[in-house]
Each structure stands twice: as C-alpha cells, then as structure tokens.
Amino acid sequence: MADLVIQGGDVVTPDGIRCADVRLANGLIEAVAPGLAGRDDEVVDARGLWVLPGLVDCHTHFGLENNMMRTLDDYAAGSAAAAAGGVTTYINFVPQAREENLVAALEREMPQAVGHSLVDFAFHLSFGTPGPSWQQELSELAGLGVTSVKVYTTYRDTSYYTTDWNWYQLLEAAGKEGVLVQVHAENDAIIAGSSRLLAAAGQTSLPFHGRSRPEAAEIEAVARGLGLALSTGAPIYFVHLSSPRSVALVRQFREQGVTALAEVCPHHLCFDDRLYQSPQVDRYIMTPPLRPATSVAGLREQVVAGQIDAIGSDHCGYALAQRGAGRTFAATSPGIPGVETLWPVLYTQFVASGLMDVASVSNLVSRAPAEWFGLGGKKGVIAVGADADLLLYDPKGRAPLNEADLHGRAGYSPWHGHEIQGRVVRTISRGKTVYRNGEVCGSPQHGRYVPCRRFGSRGG
Ligand SMILES: [Zn+2]
C-alpha cells in the first residue's frame with residue numbers, strides 16, 4: 001500500500017512549528033521533513049492548514065448510565081463526534097458499582113467500546129465504595145492499563161460517592177502502584193445545605209442550579225485533597241476545576257513539592273453564571289456549574305499563564321429532552337456535550353484571539369494529557385515513531401457554530417450560534433482517515449483500546 005504523505009502544512013511538533021511534509025506508514029509517523037512525497041505516495045495537500053497532533057480528550061463520559069438516565073452518546077456516537085472534532089484518542093470513565101470488583105467493572109465496560117469506536121480509547125475508573133480485595137484489584141487494573149482512578153466527593157447517595165476514609169486509603173495505595181488519583185472536588189455537605197435552603201424558598205428550578213453548588217464547595221474539597229496528597233505523597237489530579245482560587249491552591253502545593261495537577265474544561269472558560277437566567281438554561285447544566293464572570297476571567301488568565309495542566313471536554317451527551325421542561329435541578333442529570341467542539345472552541349478563544357500560540361493550546365489537549373495519563377510518546381505528538389494520529393485544521397473562515405452539523409446524539413451544543421474560527425478538515429487515526437470535510441468515514445472496527453502506563457513511568 002502506498003504511504004500517505006501530508007504535504008506542505010504548518011506542522012506542530014515538540015520542536016516547534018515547521019512547514020513540512022509528514023509521511024505516514026503502517027499506522028505510524030515515519031518522517032517529518034520537507035519534500036517527502038514520492039511518486040507512488042498518496043498525497044494530501046495541506047498547504048495553508050495546521051497539521052496538529054490528534055487530540056487526546058482526557059475526560060469523556062460515553063455510555064454513561066446513572067440512576068436517572070443514560071447518555072444518548074454511546075461509544076459509537078461519541079467516537080464519531082470525537083473523530084469529527086479531531087479527537088483521535090479519548091479516555092472514558094468506567095463507573096464502578098458499589099463494592100464491585102474493579103477489574104470486573106473494566107471487563108463489563110470493554111465490550112461496549114471494542115468494535116464500536118471509530119478512534120482509539122483508554123479508560124479511567126470511577127472509584128466509589130471498594131470491595132474487600134480492592135487493593136489487589138487496583139494492582140491488576142494498573143497491569144491492564146487503567147492507571148487513573150477518579151473519586152467523587154459529592155453525589156453522596158449514589159454509587160459514585162467516595163468517603164474521605166476510602167479516598168485517603170486509595171491515595172496511599174495508588175501512590176505505590178503508580179496510579180493517578182483524580183478528584184471531582186465539591187464538598188457534598190455544602191451542596192446539600194445550599195440545596196435545602198433553596199428548596200425551602202421554593203427555588204428548585206434549573207436557574208438555581210448554579211447557586212446550589214457554590215464555589216466554596218469546590219475550593220474546600222480541593223484543599224482537602226491537597227492535604228491528603230501532601231500527607232500520603234501520592235500524586236493528585238483535579239478534574240474540571242471551575243474556580244481560579246482552586247487552581248491557585250493547586251499551584252501553591254505544587255511549589256511545595258506535591259504532584260498536583262489541574263484540569264479545566266472549555267465551558268468554564270467561555271460561559272458565566274448569567275446564563276442561568278437565560279431561557280436556554282437547560283444547555284448549561286453541568287457540575288461544577290458556571291461561575292461569575294470574574295472567576296471565568298481568572299481561569300482564562302491561568303490558562304494563558306501556563307498554570308493549567310490539561311484541558312478535557314467532560315463530554316456527557318444527554319439530550320435536552322431528557323432534561324425535560326419544568327424539572328428541578330436536583331432531578332436533572334448534569335452534563336453537556338463537548339468532544340466535537342473542544343478544538344474549534346479553544347482555537348477560536350485562545351489562538352485566533354491572539355492570547356496564545358497554537359502550539360501551547362494544542363499541547364494542553366494532546367501531548368500534556370497523553371503524558372499525564374501514560375500515553376506519552378505514542379499519542380498526542382507528531383514525532384517519528386508515534387501513532388499517525390493527526391488533525392488537519394483550516395484556520396480560515398469564521399462562522400457561527402450550527403449544532404445541526406454535529407455528530408453526537410445529544411442534538412445540541414452550548415456553543416450553538418457562537419462564532420468559530422476555522423474548521424476541522426480531516427482527522428487521521430493511525431494512518432486512516434476517519435473524518436473528512438463534514439463526513440465521518442471511519443469504521444467501528446478501527447478504534448483500539450490503548451493501555452496506559454503507570455504514572456511517572458517514562459514513555460518511548
Ligand atoms: Zn466528568
């Protein structure tokens with residue numbers, strides 16, 4: 001088979017941006033240099049395009065089922081949306097039922113993904129209440145390539161919730177196993193108290209969602225996690241931080257030698273809590289909720305200042321119809337779609353606006369998450385020997401996002417109608433084109449499970 005050569009694009013590599021060809025062979029990047037195309041090669045003209053590493057979306061919830069509802073985006077639909085957004089690897093959360101064997105949870109999830117995903121995938125495990133032999137299972141799980149485990153400090157009445165005792169024990173064990181503990185940081189008692197106050201005042205509709213989960217709840221839980229990480233010496237990773245004060249705490253502990261990492265999501269960088277007063281409030285129900293404009297500005301400044309370690313979408317594809325009219329915030333499953341808009345939104349907000357260079361933004365959604373989660377060297381980078389996962393992005397043109405053009409099943413986007421600079425022209429996964437000019441063209445047999453290395457182990 002003839003090799004594929006991506007010709008003449010502006011290629012974002014770890015050594016800088018250069019106008020070059022990228023030769024792909026056997027699913028890998030074989031060479032990056034000018035003038036690579038031979039007579040038998042299939043050539044893709046990339047002049048005027050950014051040639052970027054395919055994104056590694058380190059935070060997705062495809063096929064998520066909770067006690068109320070199931071996301072419409074299963075692995076097939078979610079991975080199609082991923083492909084259309086230039087995401088060539090996603091790391092999905094596997095929920096653990098109460099006291100379920102951790103390996104059994106992975107084995108239950110695996111067949112939902114294998115044979116159904118258009119692009120490659122890895123897993124994090126959601127750790128709730130562990131069973132009696134969980135330490136042994138954690139070790140086995142890491143051996144199977146699941147080397148990150150998330151705890152929820154909220155949702156107390158569900159299987160997701162982890163007690164502080166279990167969290168503390170997990171950190172002690174995980175640190176020794178090279179497993180990275182991720183935290184959904186929101187103090188449950190503060191949320192419960194705020195919700196009770198609102199309920200007593202009859203304020204239970206969706207516009208009160210934000211007020212039920214104050215910023216203090218996040219800051220407190222982040223501080224608690226940092227204290228536990230400091231005590232145990234284990235690395236800790238905070239998902240979807242929404243407050244600049246949380247990020248500042250993470251940085252402070254980092255300076256003291258704690259391996260503490262901060263993730264943010266595009267919605268907390270683009271939207272503020274005034275949207276809870278809009279008629280479209282149902283498009284902005286996620287946890288943590290949207291924050292005041294001053295917090296949004298602070299979080300954006302931290303991204304620009306290089307104080308954020310990774311950006312993930314937190315894609316959670318419920319349809320608005322599932323959210324229902326007249327529902328209370330307490331009876332609504334939070335979550336919004338975002339995997340397909342991740343790159344176009346960040347490009348528009350941070351690159352096209354002149355705030356950051358394209359390589360720095362690309363790094364936050366490709367190389368950095370790949371390295372934190374044990375996929376470094378193989379995923380998220382344009383380098384010889386890495387998987388041939390590429391995103392070709394045309395920076396020209398500006399148009400409002402139309403949610404009808406998206407490929408997920410949620411059927412809406414919180415960015416509908418917002419101006420987007422540029423568009424994804426082509427997505428390549430291990431040398432195969434999986435999306436091209438509006439058309440998802442991959443095969444569900446193509447996407448593979450990619451095991452993650454243990455935290456701190458070197459890639460190659
Ligand atoms: Zn999430």
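Modeller: Tryptophan 165 counts as exposed, because its relative accessibility is 52%; the cut-offs are under 20% relative accessible area for buried, over 50% for exposed and in between for partly exposed, with a 1.4 Å probe and protein chains only. The model is predicted, so local features need pLDDT of at least 70 and side-chain atom pairs count only at pLDDT 80 or more, while totals for chains, interfaces and linings use all residues. Residues are numbered from 1 along each chain as its sequence is written, and side-chain values use heavy atoms, with hydrogens and water left out.

There are 18 aromatic pairs in the structure. In the pair of tryptophan 165 and tyrosine 168, the ring centres are 6.0 Å apart and the planes stand at 55°, so this pair is tilted. Rings of Phe, Tyr and Trp (its six-membered ring) pair if their centres lie within 6.5 Å; planes under 30 degrees apart are stacked, over 60 edge-to-face and the rest tilted. Tryptophan 165 and tyrosine 168 are separated by about one helical turn because they are 3 residues apart in helix H4 (residues 164-177). Helices (H or I, at least four residues) and strands (E, at least two) are DSSP runs, numbered from the N terminus. Tyrosine 168 is partly exposed, since its relative accessibility is 30%.

In the pair of phenylalanine 271 and tyrosine 284, the centres are 5.2 Å apart and the planes are at 75°, so the pair is edge-to-face. Both residues lie in the loop between helix H8 (266-270) and helix H9 (293-304), so the pair ties together parts that are 13 residues apart in sequence. Phenylalanine 271 and tyrosine 284 are both buried.

Rings also gather in a group: one aromatic cluster is formed by Phe62, Tyr75, Tyr90, Phe121, Phe123 and Tyr449.

Charges meet rings too. Lysine 150 is placed over the face of phenylalanine 93, 3.9 Å from the ring centre. The ring of phenylalanine 350 has the charged end of arginine 300 over it, at 4.9 Å from the centre. A charge sits over a ring if NZ of Lys or CZ of Arg is within 6 Å of the ring centre and within 35 degrees of the ring normal.
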